[in-house]
Amino acid sequence: MKKDRQCMITDIQREVEYTSSLIGKRALDPRVIKAMEEVPREAFVPASMLHLAFENGPLPIGYGQTISQPSIVALMSDLLQTQDDHVVLEIGTGSGYQTAILSRLVRQVYSIEVVGELGEASAGRLKDLGYSNVECRIGNGYAGWPEHAPYNGIIVTAAATHIPMQLVDQLMPGGRLVIPVGEPYGAQELVVVTRGEADHFDVREILGVAFVPMQEELGSTG
Ligand code: SAH
């Protein structure tokens, strides 16, 4: 499995080289690469997909959702510019794989999943694997998790039609929101929103992506 993970890292590095003009660098944060080497992706994919666990592509996890492609997980983790003492919020726990990667990079991860069955399964999996600096909740994360705000970073792993201002409001000054924005199942861009002082924020589009849609209606909380 270790060798397979090493092949996955090679694929990620190749993808980074290939997109370097868009992402503005030729290599990702070594802390991110180390986390990708350490977290067992095979533990987060359905048993029937095990033979594809280290391919650089998304995989179905049920309920119409997917575990994100390794190179995208790595890129989004890099774009958050995490530090060891950071507290981050993730919207869309899904399989819990991105959650586990983040837990190796920061002090505390809060993660919200709207599909109850997925949220329960991933919370159990993260606990069993010993990722103890993670708190999961089932519910609609469109309005964030204000009780633990402000965050150093917020990552959304489903595509929103626009930038949710409630999430920007939960960032501390200098904090970053990494989110795919665009049409459901259509053209989407990975966007980084950096919060400045007061109400100022900066928006940077990175590259085209394909994510499942974010549930944006707040009426249907988990
Ligand atoms: N990071 C996950 C990605 C899962 S796909 C992984 O790699 O496994 C995106 C997830 O976002 C899905 O599980 C979906 O149910 C969830 N989701 C969509 N809209 C949401 C919302 N408003 N609040 C919380 N979770 C949401």
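**Exercise 1.** In this predicted model, which residue forms a salt bridge with Lys34, and how far apart are the closest N and O atoms?

*Solution.* 
- Step 1: Find the partner. Lys34 pairs with Glu38.
- Step 2: Read the distance. The closest N and O atoms are 3.2 Å apart. A salt bridge needs a nitrogen-to-oxygen distance within 4 Å, so the pair qualifies.
- Step 3: Lys34 and Glu38 are four residues apart in helix α3, so about one helical turn separates them.
- Step 4: Lys34 has 48% relative accessibility, so Lys34 is partly exposed. Glu38 has 40%, so Glu38 is partly exposed too.

**Exercise 2.** Glu42 forms a salt bridge with Arg5. Where in the chain does each residue lie, and are they buried or exposed?

*Solution.* 
- Step 1: Take the distance. The closest N and O atoms are 3.2 Å apart.
- Step 2: Locate both ends. Glu42 sits in the loop between α3 (30-38) and β1 (59-62). Arg5 belongs to helix α1 (residues 2-18).
- Step 3: Check burial. Both Glu42 and Arg5 are buried.

**Exercise 3.** Which residues are linked with Asp29 in a network of salt bridges?

*Solution.* 
- Step 1: Start with one pair. Asp29 bridges to Arg31, with the closest N and O atoms 3.5 Å apart.
- Step 2: Asp29, Arg31 and Asp84 are linked.
- Step 3: Check Arg31. Its relative accessibility is 27%, so Arg31 is partly exposed.
- Step 4: Step back. The structure holds seven salt bridges.

Definitions and conventions:
Residues numbered from 1 in each chain as written. Predicted model: local features only at pLDDT ≥ 70, side-chain atom pairs only at ≥ 80, totals over all residues. Heavy atoms only, no water. Salt bridge = Lys/Arg side-chain N within 4 Å of Asp/Glu carboxyl O. Helix = DSSP H or I, 4+ residues; strand = E, 2+ residues; numbered from the N terminus. Buried < 20%, exposed > 50% of the residue type's maximum accessible area, 1.4 Å probe, protein only.
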